[in-house]
Amino acid sequence: MILKLINIIFCLCLINSVELIAGIIYVNPKDNSGIQTAVDKAKDGDTIIINKGVYKQNSIVIKRNLTVIGKGEAIIDGSIADGSIIYVESTKVHIKGLFFKNVKRTAIKDNAAIRLNNSEGSVIENNKILNGFFGIYLARCNDFKIFGNKIYGYSKTESSSGNGIHLFRCTTAVIKDNYIENHRDGIYLEFVSKANIMQNHSLLNLRYGLHFMFSDGCDYERNKFERNGAGVAVMYSKNVNMRNNQFHNNWGSSAYGLLLKDIRDGEIINNKFDNNTVGVYMEGSNRLDFKRNDFIKNGWALKIMGNCVDNHFNQNNFISNTFEVATNSKQSYSYFDNNYWSGYTGYDINRDGIGDVPYSPVTLFSVVSSNNPEALILLHSFFIQILEVAEKVFPSLTPETLKDKKPLMKRIND
Amino acid sequence: MFIKLFKYSIRDVARSKWLLLYGLFFLLLTEFLIWFSSDTSRAVVSLLNVIIIIIPLVSIIFGTIYTYNSREFVELLLSQPISRKSLYHSIYLGLTIPLVMAYLIGIAIPLIIQTDIDISILLIILVSGIALTFIFVGIAFTMALSFDDKVKGMGFSFIIWLSLSLIYDASILLLIWLLGDYPLESALIIVSSANPIDLSRIMVMLKFDVAALMGYTGAIFQRFFGGLTGIIYSISVLLIWIVALYFIGRIKFNRKNF
């Protein structure tokens with residue numbers, strides 16, 4: 001009993017001593033000095049608690065490793081001046097629970113609600129950003145986490161808008177559980193390596209839900225991309241793995257669920273592409289592994305250009321797409337095996353679940369309509385169907401090598 | 001007088017085994033497609049593909065044969081004090097309404113009971129089926145009245161069916177291929193919607209393949225046909241066909257020296 005009491009007292013002392021070392025500074029909306037003064041007063045390791053209220057402030061520079069926490073609805077409105085709301089130029093900064101509003105749009109500077117330069121080990125957590133030009137902008141940062149932020153933009157044109165989360169020359173990042181709406185790109189990565197992007201929801205962005213440029217060795221999993229200009233664009237990168245993501249309703253003249261351009265060596269597993277104009281569009285992409293993906297009710301499930309080599313498509317479901325595969329070449333250097341195609345009409349005599357007749361998913365009409373898009377008005381026409389039958393018997397326009405030699409008879413369920 | 005003749009005409013057509021077969025065909029086809037397709041939307045698209053070929057074909061063949069066969073009956077009735085107008089109406093409607101009924105029963109019942117089909121899609125299928133029946137019976141009627149020779153009349157009816165369902169689309173494709181460098185979208189909308197078979201196909205296509213139509217060219221078609229103006233336009237085109245053929249048939253019937 002006594003021992004326990006001593007223990008408790010000891011613990012209390014310890015907590016107090018911690019508080020003594022790491023001070024807490026409160027900021028109220030009525031303080032005239034504002035947040036910047038509190039930040040300047042603070043020492044390394046201090047916590048700044050910003051109480052509920054509206055703060056019309058801008059260009060707050062953090063140069064020590066502080067924890068900044070918003071209590072209640074602490075709104076920082078940046079509309080009074082040009083510049084980012086918070087600049088972080090120190091390591092191990094923790095920003096949590098703040099509400100940022102109205103960042104000035106300029107064509108010269110990349111203003112953001114939270115901007116980190118050369119920071120290491122920082123955490124940005126549960127903030128809300130409304131009408132930030134850029135939401136969270138990180139340049140040359142390492143080893144940081146961005147969790148549970150909600151970022152809403154008011155973007156109208158691509159040239160006048162910024163990205164939700166923007167990473168430039170960063171390594172080792174975790175971006176998780178964020179919600180990003182109506183920016184240019186939801187999440188943008190340029191020269192980033194080892195980023196882990198999980199469970200984000202990115203929608204209604206003008207360009208891409210998620211955009212990789214020159215970013216190697218990144219993973220993204222369980223994200224949801226809806227109604228963006230294009231779901232995800234992966235460009236000029238290698239070793240990017242994509243698993244369990246959902247790509248919905250990306251509609252438009254150049255809208256893709258997933259746009260792959262000049263990338264190599266990646267895995268694309270267990271994703272779901274539905275109701276996109278084009279499910280996956282790939283150009284100059286090599287050695288990718290597509291496995292167990294669902295392509296459902298897309299305009300084109302897959303557009304694969306002739307310069308794609310050594311890609312493997314196994315155990316994918318292609319269900320009720322208007323066109324299954326389209327290509328611009330008469331040769332195919334990619335491999336299709338053991339996929340389920342809802343357009344397959346062959347038979348399976350030995351009942352091993354694999355169709356006995358190879359299936360060529362490129363139809364004559366998809367070739368015709370990719371050369372002459374106006375021909376789309378003849379979709380489902382009786383005349384076109386007769387031509388299809390003739391083409392199946394004597395292939396002349398469709399690539400003979402693009403074939404699934406072992407099409408599955410039944411859909412794959414996970 | 002019209003009612004009496006109409007009743008007689010309906011009874012005469014409805015006695016035909018072919019009509020029963022026609023209704024049964026649609027019933028079995030719809031059932032089959034619902035059972036064997038993984039989802040309703042694909043079943044409906046396949047159904048549509050059959051409908052836009054079969055309805056015109058059956059309407060034209062059945063209509064031509066019936067008109068030729070009832071020729072003696074018409075001559076007999078015309079020797080009585082009966083107006084040509086009411087006789088024309090009774091034969092034309094007596095022919096189309098049983099065909100329409102057979103179609104409606106065969107298609108609508110399985111679709112409503114067994115699927116959760118969208119009401120707008122169901123309406124499009126039903127309306128286009130009914131319109132096609134009226135239009136092609138009208139064509140058959142006109143052809144049968146234009147030629148006294150049965151073979152000639154049948155032949156021309158068949159050629160018209162073939163042109164509208166096959167040759168028309170082939171010509172459109174040729175046009176696209178030849179004039180591919182020019183902006184053809186608006187011209188294509190007018191040309192393809194002038195054909196009732198193509199129009200029915202486009203109306204259903206716009207419901208099911210929206211994703212594919214979201215490409216640049218498709219979006220133009222989608223914008224035109226998808227809106228209210230598109231619906232009004234499509235229905236007007238179908239109505240113009242029906243009314244025009246009705247009047248042509250009536251003029252021919254009035255002037256015909258039996």
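# Briefing: pockets, cavities and salt bridges

Lys109(A) is partly exposed, with a relative accessible area of 38%. The model is predicted. The notes below cover its confidence, its salt bridges, its pockets and its cavities.

**Confidence in chain A**

- Chain A has a mean pLDDT of 89. In this chain, 94% of the residues reach 70 or more.
- Residues 13-20 of chain A are another matter: pLDDT stays under 50 there. For this stretch, the model has 1 contact beyond four places in sequence.

**Salt bridges in chain A**

- Over all chains, the count comes to 15 salt bridges.
- Lys109(A) takes part in one of them: its side chain meets that of Asp82(A), at 3.6 Å from N to O. This pair links distant parts of the chain, 27 residues apart. Asp82(A) sits in the loop between strand E6 (74-77) and strand E7 (86-88). Lys109(A) sits in the loop between strand E9 (99-101) and strand E10 (112-117).
- Asp82(A) is partly exposed, with a relative accessible area of 36%.
- Another salt bridge joins Asp185(A) and Arg207(A), whose closest N and O atoms are 2.7 Å apart. Asp185(A) lies in the loop between strand E18 (179-181) and strand E19 (187-190), and Arg207(A) in the loop between strand E21 (201-203) and strand E22 (208-213), so the pair ties together parts 22 residues apart in sequence.
- Asp185(A) is buried, with a relative accessible area of 0%.
- Four residues are linked in a network of salt bridges: Glu221(A), Arg222(A), Arg243(A) and Glu267(A).

**A salt bridge in chain B**

- Glu75(B) and Arg71(B) form a salt bridge, with the closest N and O atoms 3.3 Å apart.
- Both residues lie in helix H4 (residues 71-78) of chain B. They are 4 residues apart, about one turn of the helix.
- Glu75(B) counts as partly exposed, at 33% relative accessibility. Arg71(B) also counts as partly exposed, at 21%.

**The largest pocket**

- The largest pocket has a volume of about 1,800 Å³.
- Its lining holds 49 residues. Those nearest its centre are Ser342(A), Gly343(A), Tyr344(A), Thr345(A) and Tyr359(A).
- H4(A) gives the largest share of the lining, 6 residues.
- By class, the lining has 23 nonpolar, 17 polar and 9 charged residues.

**The second largest pocket**

- This pocket has a volume of about 630 Å³.
- It is lined by 33 residues. Lys303(A), Val367(A), Ser369(A), Ser370(A) and Asn371(A) lie nearest its centre.
- Strand E31 (278-283), strand E34 (300-304) and H3 of chain A each supply at least two lining residues. So does helix H10 (216-226) of chain B.
- The largest share, 6 residues, comes from H3(A).

**Cavities**

- The structure holds 3 cavities of 30 Å³ or more.
- The largest cavity has a volume of about 100 Å³. Residues that line it include Thr67(B), Tyr68(B), Ile91(B), Phe141(B) and Phe258(B). Arg71(B) is one of the lining residues too, and it is the partner of Glu75(B) in a salt bridge.
- H3, H4 and helix H6 (119-146) of chain B each give two or more residues to this lining. H6(B) gives the most, with 3 residues.
- By class, the lining of the largest cavity has 8 nonpolar, 2 polar and 2 charged residues.
- The second largest cavity holds about 60 Å³ of space. Among its lining residues are Ile304(A), Met305(A), Cys308(A), Tyr333(A) and Leu402(A).
- The lining of the second largest cavity has 5 nonpolar, 5 polar and no charged residues.

Key:
Residues numbered from 1 in each chain as written. Chains lettered and ligands numbered in written order. Predicted model: local features only at pLDDT ≥ 70, side-chain atom pairs only at ≥ 80, totals over all residues. Heavy atoms only, no water. 1 Å grid on protein atoms, 1.4 Å probe; cavity = no way out; pocket = protein on both sides within 12 Å on 5 of 7 lines; lining within 4 Å. Points joined across faces, edges and corners; volume = space filled by probe spheres on them. Nonpolar A, V, L, I, M, F, W, Y, C, P; charged D, E, K, R; others polar. pLDDT = per-residue confidence, 0-100. Contact = heavy atoms within 4.5 Å. Buried < 20%, exposed > 50% of the residue type's maximum accessible area, 1.4 Å probe, protein only.
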